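Thank you all for coming. Please have a look at the model on the screen, and then I will walk you through a few of its features.

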Amino acid sequence: MKAFVDPELCIGCTQCAGLCPEVYQMEGTLAVAIPGDIPPDQVPLAVDAANACPVGAIRVE
């Protein structure tokens, strides 16, 4: 699975990076997802963080 953050939607609230810092990091004022596959043990947290995004800027597929 991979995570993607839409920079056009991200408001930089840091919620995803706080919930799952192994997958989401802040780059300046916006969140970014690690490139490539999410480590298997991080998938549940990555999905929870995506669901917690207040503007729906994250997708995990």
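This is a predicted model: local features need pLDDT of at least 70, side-chain atom pairs count only at pLDDT 80 or more; totals for chains, interfaces and linings use all residues.

Residues are numbered from 1 along each chain as its sequence is written, and side-chain values use heavy atoms, with hydrogens and water left out.

Let me begin with helix H2, which covers residues 43-52; helices (H or I, at least four residues) and strands (E, at least two) are DSSP runs, numbered from the N terminus. Which residues of H2 are buried? They are Val43, Ala46, Ala49 and Ala50, where buried means under 20% relative accessible area, exposed means over 50%, and partly exposed lies in between, with a 1.4 Å probe and protein chains only. Seen down the axis of H2, these buried residues fall within an arc of 125 degrees, so they line one face of the helix; the arc is that of the directions from the helix axis to the C-beta atoms. The face turned away from that buried side carries the exposed residues Pro44 and Asn51. The buried residues of H2 pack against helix H1 (15-19), strand E2 (24-27) and strand E4 (58-60), and contact here means heavy atoms within 4.5 Å.

Leaving out residues up to four places away in sequence, Gln42 touches Cys20, Glu22 and Val23.

That brings me to the cysteines. If a disulfide is a pair of cysteine sulfur atoms within 2.5 Å, how many disulfides are there? The count comes to zero. The sulfur of Cys16 is 6.3 Å from the closest cysteine sulfur, in Cys10, which is too far for a bond. Cys20 is in no disulfide either, since the nearest cysteine sulfur, that of Cys16, is 8.7 Å away. Cys16 counts as buried at 8% relative accessibility, and Cys20 is buried at 0%.

Finally, there is one salt bridge, defined as a side-chain nitrogen of Lys or Arg within 4 Å of a carboxyl oxygen of Asp or Glu. The side chains of Glu61 and Arg59 form it, at 3.1 Å from N to O; Glu61 is exposed at 53%, whereas Arg59 is partly exposed at 45%.

Note on methods
A disulfide is a pair of cysteine sulfur atoms within 2.5 Å.
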